[in-house]
Amino acid sequence: MRTYGVSPAPTDKDASGIPLLQIEGLSKNFGTRKILALDNLKIEQGAAYALTGINGCGKSTLLRILAGLERAKIHHARWQGEPIFFAPYPQTIRRAVVYVHQHPVLFSGSVMHNVGYGLRARGLPRDVIEHEVNMTMRWAGIEHLRLSAIHSLSGGEVQRVALARAKVLRPQLLLLDEPTSNLDGAAREMVIALVATLITEGRSIVMACHDRDLISLPNVQRLKLRDAQLEVRLPKNHHLENNCAPNFEEN
Ligand SMILES: Nc1ncnc2c1ncn2[C@@H]1O[C@H](COP(=O)(O)OP(=O)(O)OP(=O)(O)O)[C@@H](O)[C@H]1O
Ligand SMILES: [Mg+2]
């Protein structure tokens, strides 16, 4: 299969049992304020997580740390079993991890230009870019907007362009920051449906969210951030794995 430096879409969960990313001892302070003090964060291959917690508890900060956009103290980290450092953030992981901001900033120019930007930066052949961009715009339901100027888009359309811009890079780890927070009605439902397809195709996803419909999508595990620490909460239909203590409490 031709992949041109873009990792192929996963078709099945990794059978090796090795986590995609494992971090032991992550801490982050802003001034004297402790934001994160995580003993162990494990992101399995092909698993989806909803990162919940009250406003200001550190969800975006954690996603930004995972994306290499924010520094933190990290005792030990492994990517697919190999030890890695987060500072400097490795180039190989920078390519494998994509962060979608809560308020995505798109480049000036057309929708098509935005979706193809990352592939052009990676130097892929023109025909490959055209094919990938067309496929991904179709997936996001934004084909009809291909030549539209970014400033003319609605909030929901901007979010779908941002998701397309991320998906086209076929990230191994997709970090979504409140993908539905500014949306309602049909726009919100379209974004939820897109996230559901990303989960079904077996991407590793961590999404910060408050949206109950996102949290309760099938195969989404819940990570709750409280008092700088993570609690793992399993959905009622989830089989117990990893000796995690189940916690069905709401909020
Ligand atoms: N660069 C910064 N300097 C100082 N404090 C910061 C900085 N970035 C974030 N904070 C603070 O850290 C805390 C965590 O912020 P963060 O944005 O991660 O929270 P959040 O859980 O994503 O909140 P929300 O649900 O509102 O999006 C907040 O109190 C925020 O004000
Ligand atoms: Mg946030």
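The chain has a mean pLDDT of 89, with 87% of its residues at 70 or more; pLDDT is the predictor's confidence in each residue, from 0 to 100. This is a predicted model, in which local features need pLDDT of at least 70, side-chain atom pairs count only at pLDDT 80 or more, and totals for chains, interfaces and linings use all residues. Residues are numbered from 1 along each chain as its sequence is written, while chains are lettered from A and ligands numbered from 1 in the order in which they are written.

**Six-stranded sheet**

- An open sheet of mixed pairing is formed by six strands in the order β6-β7-β8-β3-β9-β10; strands (E, at least two residues) and helices (H or I, at least four) are DSSP runs numbered from the N terminus, and two strands pair if DSSP finds at least two bridges between them.
- β6 (97-100) and β10 (229-233) are the edges, each with a single partner strand, so one side of each is left without a neighbour in the sheet.
- Helix α6 (residues 185-200) lies across β3, β7, β8 and β9 and runs at about 145° to β8.
- Strand β9 (residues 220-226) pairs with β10 in the antiparallel sense over five bridges; Leu 225 stands opposite Leu 230, and Leu 223 opposite Val 232.
- The hairpin of β9 and β10 has two residues between the strands, and Asp 227 takes a positive phi near 50° there.

**Four-stranded sheet**

- Four strands in the order β2-β1-β4-β5 form an open sheet with antiparallel pairing.
- Its edge strands, β2 (33-43) and β5 (82-84), each pair on one side only, and the twist averages 20° from one strand to the next.
- Strand β1 (residues 21-30) runs antiparallel to β2 and is joined to it by nine bridges, with Leu 21 opposite Ile 43 in β2.

**Helix packing around α3**

- The axes of α3 (residues 111-121) and α4 (residues 126-140) come within 10 Å and cross at roughly 130°, which makes α3 oblique to α4; angles under 35 degrees count as roughly parallel, over 145 as roughly antiparallel, 65 to 115 as roughly perpendicular and the rest as oblique.
- α3 passes α4 in a right-handed crossing; a crossing is right-handed if the near helix is turned clockwise from the far one by less than a right angle, and left-handed if anticlockwise.
- Met 112, Val 115, Gly 116, Leu 119 and Arg 120 of α3 meet Ile 129, Glu 132, Val 133, Thr 136 and Met 137 of α4.
- α3 packs with α5 (residues 155-167) at an angle of about 30°, their axes 7 Å apart, which makes α3 roughly parallel to α5.
- The crossing of α3 and α5 is right-handed, and its contact residues include Val 115 of α3 and Ala 164 of α5.

Conventions
Axes are lines fitted to C-alpha atoms, for helices over the stretch in contact, and angles run from 0 to 180 degrees between N-to-C directions. Two residues are in contact if their C-beta atoms, placed from the backbone, lie within 7 Å.
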